[in-house]
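Please open the model in your viewer and keep the selection panel at hand. The stops below go from single helix pairs to the whole contact between the chains.

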2 protein chains.
Amino acid sequence: MHETTIATRTGFQGKLLHVEILEIALADGARATREIIRHPGAAVVLGQLDDGRFVLVRQYRKAVEREMLEAVAGTLNRGEDPVICAHRELSEESGYRARELIPLGSVVPAPGYTDERLHLFYARLHEAQGALHTDADEHVCVVYLTAEEIERDIAAGTIDDAKTLAVWLRYRLWQAQARRNEV
Amino acid sequence: MHETTIATRTGFQGKLLHVEILEIALADGARATREIIRHPGAAVVLGQLDDGRFVLVRQYRKAVEREMLEAVAGTLNRGEDPVICAHRELSEESGYRARELIPLGSVVPAPGYTDERLHLFYARLHEAQGALHTDADEHVCVVYLTAEEIERDIAAGTIDDAKTLAVWLRYRLWQAQARRNEV
């Protein structure tokens, strides 16, 4: 299966969003169009303190008109290494710094209409919390949760951000693998 | 925390994507803009056969220029009940019908720029597979995986679609809860 691009044009160029309209040929020769959001990608960081608690953030999400509880995350600068972005966003949104940053692969949040890739990380945090440095138009609260509280909130739907579920699941599978390797 | 909408205009109106540009006032009175994709939402179905295997689909995703392995999913018609959409997409993309459809809540794939909500379901499937009825510009292959294979593929990154990780995690937590209730 493959879809060949015949023509590309810009549908919308905003400050954040860039929509491309593609004319394509399907494998059987039929024509179709695809509307795709071009996105530089993002880093997602599940940070944990030595006492076992995880550091999440709560922020108002205009798109859904309510606050959401999420892992720390932020958009990559064009061409930026996801590791650099992960360190920066962790510091800016939570005030914490990572002692160790472990990559947990990546996921695509909405492959039907965007090329955005979310680079997932688990971070062991330094205890000391510095000042938050969020963007001027961004208001973020730090929230501390145990593993049990996170799973309770995911099951109950209080945590309903897909990237947070994705990084949590990858973290749990990575942990299970590490335990099997120890035995 | 709240962000008040001052003005709204259409940035782009495509066949699939609708981009709105919002002028907003933050809690501290400062002004900002938000670019938001308005989306009718979608249904995601994790189907399972009586022999224990799960039914996923493989399809070419133009946005990322490769095939992806995903749970069955499809966009809601405007105002449609997610349950109706789940049954339709399951039949169209996999050829299977649900004996029982269990809601697993919902998630937001990209709260930074879309109001899309993914309604998650687990389905016990009838054994008999009918014909697939995908859209003319959509080519889908059915793939059968055990629970162990799904977790292996998620851990390895072979499954990297965020909604598929989300429905899998909610399914596993729902299963764990059901087991605890039995004890």
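Begin by selecting helix H2 (residues 147-156) of chain A together with helix H3 (residues 162-182) of chain B, which pack at an angle of about 105° with their axes 9 Å apart; the axes are lines fitted to C-alpha atoms, for helices over the stretch in contact, and angles run from 0 to 180 degrees between N-to-C directions. H2(A) is therefore roughly perpendicular to H3(B), a label given to angles of 65 to 115 degrees. Helices (H or I, at least four residues) and strands (E, at least two) are DSSP runs, numbered from the N terminus.

This is a predicted model, in which local features need pLDDT of at least 70 and side-chain atom pairs count only at pLDDT 80 or more, while totals for chains, interfaces and linings use all residues. Residues are numbered from 1 along each chain as its sequence is written, and chains are lettered from A and ligands numbered from 1 in the order in which they are written.

Now show the side chains at this crossing: Glu151(A), Ile154(A) and Ala155(A) in H2(A) meet Leu169(B), Leu173(B), Trp174(B) and Gln177(B) in H3(B), where contact requires C-beta atoms, placed from the backbone, to lie within 7 Å. By class, this contact has five nonpolar, one polar and one charged residues (Ala, Val, Leu, Ile, Met, Phe, Trp, Tyr, Cys and Pro count as nonpolar, Asp, Glu, Lys and Arg as charged, and the others, Gly among them, as polar).

Then widen the selection to the whole contact, which takes 57 residues from chain B and 58 residues from chain A. On the side of chain B that touches chain A, the largest share, nine residues, comes from H3(B), and by class that side has 34 nonpolar, 10 polar and 13 charged residues.

Finally, superpose the chains: chain B can be laid on chain A with an RMSD of 0.0 Å by a turn of 180° and a shift of 0.0 Å along the axis, using least squares on the C-alpha atoms of residues with pLDDT of at least 70 in both. The two copies are thus related as by a two-fold rotation axis.

Conventions
Angles under 35 degrees count as roughly parallel, over 145 as roughly antiparallel, 65 to 115 as roughly perpendicular and the rest as oblique. Two residues are in contact if their C-beta atoms, placed from the backbone, lie within 7 Å.
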